Amino acid sequence: MSNLDPIPFANGTARILSRSDLVHSEAWPRAFAGKTKDHRFYEIVADTLGSSFEHHYLSLEDRDGNVRGIQPVFFVQQNLVEGIPALRAAVEMVRKRFPRFLTMRLLMVGNAAGEGHLAGDAAWVARALREVLPIFAARSKASLIVFKDFPATYRETLDELAWADFIRVPSMPMTELPLDYRDFDHYVSTLGASTRKDLRRKFRRIAEADPIDVDVVTDLTPFVDEVYPFYLQVHERSPMKFERLTKEYLCELGRRMPDRVRFFIWRQQGKAIAFSVALVHEGTIYDDYLGLDYRVALDLHLYFHTLRDILSWSLAQGLKRYRSSPLNYQPKLHLGCTLYPLDLYVRHANPILNKVFRPFLKLLEPTRHDPVLQRFPNARELHGDSR
């Protein structure tokens, strides 16, 4: 039996589609209607990040042949201790003899370059996936099945995956900030005294340097060669790496989603020194990626300069919420952000090995190795009622 053959389940049939099959699907454009990262975003990721991931799409049909949802999934070879320094030394010792130790082929549900969502009728799709995914994983020789970075709003729907022996663990969360301020100065006035003092010192240092200007564009193509190296500098410094964006990804984002994407480019004396990739939808700005020229970034406090400009722009546009990608939690804590929890739902494809794997998974939980997270006022929301 081919791993791409249809998979029957109690309430219908799952058909495995390729990227090219989506062109002929009437249901696909509706799959993520209303989401910030709609079907166009999934197409961009598959078309421009395809060398890192093997993308498929589960067309979930009910008994009458109606498509109830088309759920993107992908396979990736993943180092399970990526970004966990406490385990790295011990694991590297084992890998001297067993090079593939804790490196597995994963079947992941969701989005390779962002948070995950369920397509179509979420509750119906979740029940279907509970049956279909173990079969698809076994056929495809995947060791683990992972629902990647699903917002906590899905917990009621996805917690029933426990019936299929999935376990929920917190992923590295996003952060968010309500934009209930007249302007940036009003926002700063609500922060703690030490943070206000630190920001004033940083902004004085910025004011003493040559002026820094910002442009906001919807197409990065004319500037991508100039700013892409800044993204790579930030990416290589990150303790956790998953997707690595390409120039093609950045260009296609502007070409296919100009209604939502905004690129911020900062220049000093006409030379680019930073850029940011953001999506705007329904009153929220999603600050997804930042690129910095580290030859000047630290001296000019570019992180704080870029944040000031993005928040000022968002307030001027009447946006109501700022949401940023995971990591770099220390400054976000002092800047008044709260956590926006994301969850992983994980199980081993082999039911017997899954019983052994479940307790070990707690050691691999990424949030337990970042002490700053526990200092956020809503840190308990990371685990919810899963403890």
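Analyst: The lining of the second largest cavity divides into eight nonpolar residues, one polar and one charged. In this division Ala, Val, Leu, Ile, Met, Phe, Trp, Tyr, Cys and Pro count as nonpolar, Asp, Glu, Lys and Arg as charged, and the others, Gly among them, as polar. The model is predicted: local features need pLDDT of at least 70, side-chain atom pairs count only at pLDDT 80 or more, and totals for chains, interfaces and linings use all residues. Residues are numbered from 1 along each chain as its sequence is written, and side-chain values use heavy atoms, with hydrogens and water left out.

The volume of the second largest cavity is about 40 Å³. On a 1 Å grid over the protein atoms alone, a cavity is a set of points where a 1.4 Å probe fits but cannot get out, a pocket is an open set with protein on both sides within 12 Å along at least five of seven lines, and lining residues have an atom within 4 Å of a point. Grid points are joined across faces, edges and corners, and a volume is the space filled by probe spheres set on the points. There are three cavities of 30 Å³ or more by this rule.

The residues around the second largest cavity are Leu 177, Tyr 187, Tyr 303, Leu 307, Leu 311, Tyr 322, Ser 324, Lys 332, Leu 335 and Cys 337. Helix α9 (302-316) and strand β13 each supply at least two of the lining residues (helices are DSSP runs of H or I with at least four residues, strands runs of E with at least two, numbered from the N terminus). The largest share, three residues, comes from α9.

Strand β13 belongs to an open sheet of seven strands with mixed pairing, in the order β9-β10-β11-β12-β13-β8-β14; strands pair if DSSP finds at least two bridges between them. At the edges stand β9 (212-217) and β14 (338-340), each with a single partner strand, so one side of each has no neighbour in the sheet. Neighbouring strands here are turned by 30 degrees against each other on average, direction ignored; axes are lines fitted to C-alpha atoms, for helices over the stretch in contact, and angles run from 0 to 180 degrees between N-to-C directions.

In this order β13 stands between β12 and β8. Strand β12 (residues 284-292) runs parallel to β13 (residues 321-324), and four bridges join them. Opposite Ile 285 stands Tyr 322 in β13, and Tyr 322 is also one of the residues lining the second largest cavity. With β8, strand β13 pairs in the antiparallel sense over four bridges. Pro 178 has Arg 321 in β13 as its bridge partner.

Strand β8 (residues 174-178) is mostly covered, with four of its five residues buried; buried means under 20% relative accessible area, exposed over 50%, and partly exposed in between, with a 1.4 Å probe and protein chains only. β8 also pairs with β14 in the antiparallel sense, over three bridges. There Met 174 faces Tyr 340 in β14 as its opposite residue.

Thr 218 sits in the loop between β9 and α7 (224-237). With a relative accessible area of 32%, Thr 218 is partly exposed. Leaving out residues up to four places away in sequence, Thr 218 touches Gly 254, Pro 258, Val 261, Arg 262 and Phe 263 (contact means heavy atoms within 4.5 Å). The C-alpha atoms of Thr 218 and Ser 312 are separated by 18 Å, although the two residues are 94 apart along the chain.

For context, the largest cavity has a volume of about 60 Å³. Its lining has eight nonpolar, three polar and no charged residues, including Tyr 42, His 55, Phe 74 and Asn 111. Elements α1 (39-48), β3 (54-62) and β4 (67-79) each supply at least two residues of that lining.
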